[in-house]
Structures are given as structure tokens and as C-alpha cells.
Amino acid sequence: METAERFRAAVENGELAALDDLFTEDVRLYSPVTFTPFEGRPMVLGLFGVLLRTFEDFRYTGHFEGTAETSADGEEAPSEILLFRATVDGKQIHGIDMLQFDEAGRIKEFTVMVRPQSAVHTLGQAVLAGLTADGLTPGAAVAP
């Protein structure tokens, strides 16, 4: 099973442990609610622990494959975009997860985009509360 398929199955089934070997040690996650990325496998896995508890009715609705330039090094990398829908505190969210892979097929960069703006705000508040409850501190200020 390819990394993106394993990732999708782990997220849809709420299996945090199954995500561990899918990320590079220095993975970067670009979030719609922080100014700088979450960096490193421990922090990204901590964030996913919060997200798996925060999203309700999460489901992937489609995918696209190709290549894209990464933010960290500007190099073109194999990429997959997964479209999703979910609910957070009663707000419907539409979004995409863009996964970018290293030579070994592990996720080295991860970008999340969501809409509408009201859902981004609600998601940001829920994630910050979850990170605080778990004793994690984001590497950047959460946008208002």
C-alpha cells in the first residue's frame, strides 16, 4: 500500500500509531491556523492526536496526484492532494491535505488548507485548546 493510501486509512480510522512511520523525522506541517509550520515528527504526531479528536465526521472525498515545489527547499517532489470534509464545533469544513514525499516515499512536507474563514477560526481555537490540554506548544502564534 502506498504512503498516501496508508495515511488516508490511518486518519479515517483514527489510528494515530499507524501514522508514525509515514513521516520523515524532520517533517514540516503547514497549518491554516499558524504562521510558521509545525516541525518534526513528535510535534506533527502530537498535532494529529489533537486533530483526530477535534474533527467530527471526517472523510476524504477525492485525490489528485502529481508533483509540486516544496516550501522548505523549493525542490519538486512527488505530491498527492486529498480533499476532505469534516465538522468542528458544528461548523462544516471543506479542505485539502497536500502530502509531499521524500525519495523513500515518506511524507516530508504536509500542507493543510480549509474553508470557510469562520471554520478556520473555529478549528484554530479547538486545536489550540487541544495542544494546550496535551502539554504541547505550537511553534507559532495561532492566528486570530
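The side chains of Asp21 and Arg6 meet in a salt bridge, 2.9 Å from N to O, a salt bridge being a side-chain nitrogen of Lys or Arg within 4 Å of a carboxyl oxygen of Asp or Glu. Asp21 lies in the loop between α1 (3-12) and β1 (23-30) while Arg6 sits in helix α1, so the pair ties together parts that are 15 residues apart in sequence.

Before I go on, a word about the model. It is a predicted model, in which local features need pLDDT of at least 70 and side-chain atom pairs count only at pLDDT 80 or more, while totals for chains, interfaces and linings use all residues. Residues are numbered from 1 along each chain as its sequence is written, and side-chain values use heavy atoms, with hydrogens and water left out.

Now the whole chain. It contains three helices and six strands, and from the N terminus on these elements run α-β-β-α-β-β-β-β-α; helices (H or I, at least four residues) and strands (E, at least two) are DSSP runs, numbered from the N terminus. Along its principal axes the C-alpha trace spans about 35 × 30 × 25 Å. For 144 residues, a compact globule would have a radius of gyration near 15 Å, and the 14 Å of this chain agrees with that; the radius is taken over C-alpha atoms, and the globule rule is 2.2 Å times the number of residues to the power 0.38. Of the 144 residues, 47% count as buried.

What lies inside? The largest nonpolar core has 38 residues, and those with the most contacts inside it are Phe7, Leu19, Phe23, Phe48, Phe55, Ile107 and Phe110. By a nonpolar core I mean a set of buried Ala, Val, Leu, Ile, Met, Phe, Trp, Tyr and Cys residues joined through side-chain atoms within 4.5 Å. At least two residues of this core come from each of α1, β1, α2, β3 (56-69), β4, β5, β6 and α3, and α2 gives the most, with seven residues. In soluble globular proteins, nonpolar side chains tend to be buried together.

Let me stay with Phe55, which lies in the loop between α2 and β3 and, at 16% relative accessibility, counts as buried. Which residues does Phe55 touch, not counting residues up to four places away in sequence? They are Phe84, Ala86, Thr87, Val88, Ile93 and Leu123, where contact means heavy atoms within 4.5 Å. Phe55 and Val88 are 33 residues apart in sequence, yet 5.4 Å apart in space from C-alpha to C-alpha.

Leu123 brings us to helix α3, where it is one of the buried residues. Helix α3, residues 117-133, has 17 residues and reaches 24 Å from its first C-alpha to its last, close to the 24 Å expected at 1.5 Å a residue, the expected span being 1.5 Å times one less than the number of residues. The buried residues of α3 pack against β2 (38-39), α2 (41-54), β4 (76-88), β5 (91-101) and β6 (107-115). After α3 comes Gly135, whose phi is positive, near 75 degrees.

Back to the charged pairs, for the structure holds seven salt bridges. In another of them, the side chains of Arg28 and Glu39 meet at 2.5 Å, N to O, and this pair links distant parts of the chain, with Arg28 in strand β1 and Glu39 in strand β2, 11 residues apart. Asp102 forms a salt bridge with Arg106, the closest N and O atoms being 3.3 Å apart; here Asp102 is buried, at 12%, whereas Arg106 is partly exposed, at 31%.

I will finish with the backbone. Most residues other than glycine have a negative phi, and most peptide bonds are trans. Asp57, in strand β3, has a positive phi of about 50 degrees, and Asp57 is exposed, with a relative accessible area of 57%. Asp89, found in the loop between β4 and β5, also has a positive phi, near 50 degrees, and counts as exposed at 58%. Lastly, a cis peptide bond joins Arg115 and Pro116, with omega about -5 degrees, and Pro116 is found in the loop between β6 and α3.

Note on methods. Buried < 20%, exposed > 50% of the residue type's maximum accessible area, 1.4 Å probe, protein only.
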